[in-house]
Amino acid sequence: MTAAGRLVVVEDAAALAAEAARRFLSLGSDAIRVRGRFTVALSGGHTPRAAYERIAATWWQAPSGPLDWSRIHLFWGDERFVPPDSAESNYRMVREALLDHVPFTAANIHRVETDRASDAADAAARYEATLRQVFGLKPGAWPRLDLVFLGMGADGHTASLFPGTGAPDVADRLVTAVRVERLGSWRVSLTLPVLNYAADVIFLVTGADKAVPLRSVVEGPPASPPYPAGRLRPSEGSLVWLADRDAAPWAPEDGR
Ligand code: 6PG
């Protein structure tokens, strides 16, 4: 365990998806048993997608029996400002990888409503209102998600908190709009304080192109300026980095 959380290395992307799904089922069973519901923020990206596909294939094997999807609330850690049926949409990716295969409750699927917003800032404001309503937040309060799945880019971004955009420093709201010039696109992202208030944060990291930022954020020395992913320090929660061998060639094979 490091100050930056616990690194768990598995052999390959398939093993990582299986471990991520196992943790989802375990955390979900516990949350539903203890608190009556399971609130999860999902990430975009190829690595997270494989985990969702694995959850879709195994949800009925959760530790205390099939997950009760009527008690699971899904959110998005970030979304591209595109229509929900766009090939770029993280909502569409989760629908294809997970929702189309499980008995979810529509009222509990809280996507970023890009199709109802005038621009990314409007979408962010609407999403913030959704979070405040679902969590029953008083003004000034923060939502405590049970689980946040995050990916990491080769540039050390996570969610849509990209270096150089200012988004990683936004701390006065729950959701922010992000202009990513390098991608020529607008994004909507949960802010770092929301991510850092979660009970369990699990990074899903595969590929040799992540090895440099991953080692920096897990072992140090920190980059300057720090990678956005390296700023995840849950204040009252657990942080786990699930990595495949390609992303963590320096690290010992880890247990569970
Ligand atoms: C997105 C994600 C992004 C992603 C990383 C890792 O919307 O693209 O939120 O943060 O998780 O870029 O993606 P890969 O797992 O595909 O490398």
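What follows is a working chat about a predicted model of one protein chain.

Trainee: Before I look at anything, what should I know about the model and its numbering?
Mentor: This is a predicted model, in which local features need pLDDT of at least 70 and side-chain atom pairs count only at pLDDT 80 or more, while totals for chains, interfaces and linings use all residues. Residues are numbered from 1 along each chain as its sequence is written, and side-chain values use heavy atoms, with hydrogens and water left out.

Trainee: OK, how many helices and strands are there?
Mentor: The protein chain has six helices and nine strands, where helices (H or I, at least four residues) and strands (E, at least two) are DSSP runs numbered from the N terminus.

Trainee: And what does the radius of gyration say?
Mentor: For 256 residues a compact globule would have a value near 18 Å, and the 17 Å of the protein chain agrees with that; the radius is taken over C-alpha atoms, and the globule rule is 2.2 Å times the number of residues to the power 0.38. Along the principal axes, the C-alpha atoms fill a box of roughly 45 × 45 × 35 Å.

Trainee: What share of the residues is buried?
Mentor: Of the 256 residues, 54% count as buried, meaning under 20% relative accessible area, with exposed being over 50% and partly exposed in between (1.4 Å probe, protein chains only).

Trainee: What about contacts between residues at least 6 apart in sequence?
Mentor: Among those contacts, 76% join residues at least 24 apart, a contact being heavy atoms within 4.5 Å.

Trainee: Switching to helices, what is the reach of α1?
Mentor: Helix α1, residues 13–35, has 23 residues and spans 32 Å from its first C-alpha to its last, close to the 33 Å expected at 1.5 Å a residue; the expected span is 1.5 Å times one less than the number of residues.

Trainee: Which of its residues are buried?
Mentor: The buried residues of α1 include L16, A17, A20, F24, L25 and I32, and among them are also the charged-type side chains E19 and R23. Just after α1, G36 takes a positive phi of about 85°.

Trainee: Where else is phi positive, at a residue that is not a glycine?
Mentor: A159, which is not a glycine, has a positive phi of about 50°, and A159 sits in the loop between β5 (147–150) and β6 (175–180). With a relative accessibility of 7%, A159 counts as buried.

Trainee: Last one, where is A141 and what does it touch?
Mentor: A141 is found in the loop between α4 (120–134) and β5, and with a relative accessible area of 25% A141 is partly exposed. Apart from neighbours within four places in sequence, A141 is in contact with R132 and L174.
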